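Hi,

Here's the structure I said I'd send over.

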Amino acid sequence: MRSIRVNRNYSTKTVALTAETYSDKVKRDERFKKLEDSDLKFFESVLKDKNYLITNEDDLDFFNEDWMRKYKGQSKLVLKPKTTEQVSEILKYCNEKKLAVVPQGGNTGLVGGSNPIFDEIILSVANLNKIRSFDEVSGILKSDAGVILENADNFLAEKGYLFPLDLGAKGSCHVGGVVATNAGGLRLLRYGSLHGTVLGLEAVLPDGTIYSSMDSLRKDNTGYDLKQLFIGSEGTLGVITGVSILCPARPAASNVAFLAVSSYEAVQKVFTGARRELSEILSAFEFMDGTSQELTRRYLKLDYPIESGDYPYYILIETSGSNKEHDDEKLETFLGNAMEEGLVDDGVVAQDETQLRNLWNWRESLPEATAHWGGVYKYDVSLPLKDYYKLVEATNQRLSERGLIDLDDDSKPVVEAVGYGHLGDGNLHLNVAVREYNKEVEKALEPFVYEWIKEHKGSISAEHGLGFQKKNYIGYSKSDIEIKMIKEIKNHYDPNCILNPYKYV
Ligand code: FAD
Ligand code: MLT
Ligand code: ZN
């Protein structure tokens, strides 16, 4: 996999304040206190070093703005504690004083959840960045929350193990951040969700209480599984400071095939064939439409994996196993059959590690390519596979009917709507690339997209969460009773609502 920090410099436009763009959706809660000098003095006394407090306007921008450059908060203070105890002291104080706080990891979230809306204090866990321990027999890794995902994986690689989650933002996102969002990534198909692999957590509750289940073993049936509440809670329930996770052995052999396919029906057949014929060695099944390839080619100027012709659909298949010869032979037979049956029109198979990395690099560059024109409206949805791509078609049709879309006409706000995603998990990423963020486009998309998903029995978030973007739309995927229970839990642990306010709870 490529190892870069995610690029954030694709647009030079300044980012509008969320509070202004969405003034109809959100007002500052005046129960929250405004930051005073006495508060700064207290935080300095806890952190003991001025370098762990950021107050300089220019430096604050990185923390206030999101990766898509769609959301911008107005925080005047970032705190970067070095220990769980410091996090606890900070939250206890904020709770007593009613100072609102946004927990932040690597700030690669895609729903505006990691940034403040108004003047909330940003609590970055970036300085909690130590691997605590690794048990080479059980494969259990215990890590601080602020360890960068790629650093955790590199550490594990030296021991012959693998972090059971991989995604394009790995060079920037944190172990705690991916748990807080319950990220899915490129190999959920193989290693399952973090709800299964995370064994224990350490988290600081809004009143400063430190909860820990870091010593849990793989099997533990004693009462409620409390850690699950924090997995996917998006910083609304506690600040995660430590993660204990079960890691699989690193596969000795991997291979990647990149295929061109002419119909969506054939894509589904290739998937069922891959599951049947590659079975235990299938580790990723990624889907990309032709337009996503075109945008990537135009902007990133990378070598197109398949040079001949334009196809409507592309698939990336990865195998991982313990015996290279066996796995390569399986893949070759599978691909030969798929071609013979006319399911696959063209394709390449990585011949070495560099080619394998380049193919993944291409796939992992799609988010950057779709965001390049000035902005991108992103929807990360789950859908039954029969309807998976229909959402992209329905969205393109809606944007065309409204005269909003043209790839080559700079006067139109929308460049193109594209689809890619983790088809093996039923997870589609609908991306509407725009020349700039535009209310007319947003009104055409929302709630249209959410209504369409509900009608087709999908989920409005498969992996990025709800954050600020979907704060008013949770009802499309959760019942009234579920929403009531979520609110009751939030009110119980965070009665002053200091943690990540204005977001989905
Ligand atoms: P942040 O963005 O900082 O925060 C995300 C949320 O978690 C916020 O609500 C924040 O308040 C909360 N949070 C963060 N840290 C903590 C903590 N320690 N305690 C409590 N709350 C916390 N996601 C996928 O699921 N699959 C992908 O394949 C994928 N690919 C991506 C590719 C790119 C290029 C980018 C930019 C993003 C991608 N994402 C993907 C989005 C994904 O949500 C993040 O990369 C990751 O989960 C966020 O981690 P982070 O450390 O950056 O968290
Ligand atoms: C991905 O799968 O690439 C990520 O979830 C990011 C995105 O949706 O663009
Ligand atoms: Zn994804």
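Let's start with ligand 2, which sits in the largest cavity. Keep in mind as you read that this is a predicted model.

Around ligand 2 you'll find Leu110, Arg363, Pro367, Lys378, Tyr420, His422, His429, Glu463 and His464. On its own, ligand 2 has 260 Å² of accessible area, and the protein covers 86% of it.

Now for ligand 1, which also sits in the largest cavity. It has 33 residues around it, and the closest are Pro103, Gly105, Thr108, Gly109 and Thr181. That shell comprises 13 nonpolar, 18 polar and two charged residues. β3 (101-104), α6 (175-181) and β9 (239-246) each put in at least two residues, with α6 giving the most, at four.

Backbone atoms feature in the contacts here: a polar one of Gly184 is 2.9 Å from an oxygen atom of ligand 1, and an N or O of Glu234 is 3.1 Å from one. The side chain of Ser114 has an N or O atom 3.4 Å from a ligand 1 oxygen. The protein buries 98% of the 970 Å² that ligand 1 exposes when taken alone.

One thing from the records: an unreviewed UniProt entry places "domain: FAD-binding PCMH-type" at residues 71-250. In the model, that span is 24% helix and 21% strand, with its end C-alpha atoms 38 Å apart.

Cheers

Notes: Residues are numbered from 1 along each chain as its sequence is written. Chains are lettered from A and ligands numbered from 1 in the order in which they are written. This is a predicted model: local features need pLDDT of at least 70, side-chain atom pairs count only at pLDDT 80 or more; totals for chains, interfaces and linings use all residues. Side-chain values use heavy atoms; hydrogens and water are left out. A residue is near a molecule or strand if one of its heavy atoms lies within 4 Å of it. Accessible areas come from the Shrake-Rupley method with a 1.4 Å probe; for residues, only the protein chains shown count as cover. On a 1 Å grid over the protein atoms alone, a cavity is a set of points where a 1.4 Å probe fits but cannot get out, and a pocket is an open set with protein on both sides within 12 Å along at least five of seven lines; lining residues have an atom within 4 Å of a point. A molecule sits in a cavity or pocket if more than half of its atoms lie within 2 Å of its grid points. UniProt positions are given in the numbering used here, feature names are shortened, and annotations may be inferred rather than shown by experiment. A polar contact is a pair of N or O atoms within 3.5 Å; within protein, one must be able to donate a hydrogen and the other to accept it, and residues adjacent in sequence count only if both atoms are side-chain atoms. Ala, Val, Leu, Ile, Met, Phe, Trp, Tyr, Cys and Pro count as nonpolar, Asp, Glu, Lys and Arg as charged, and the others, Gly among them, as polar.
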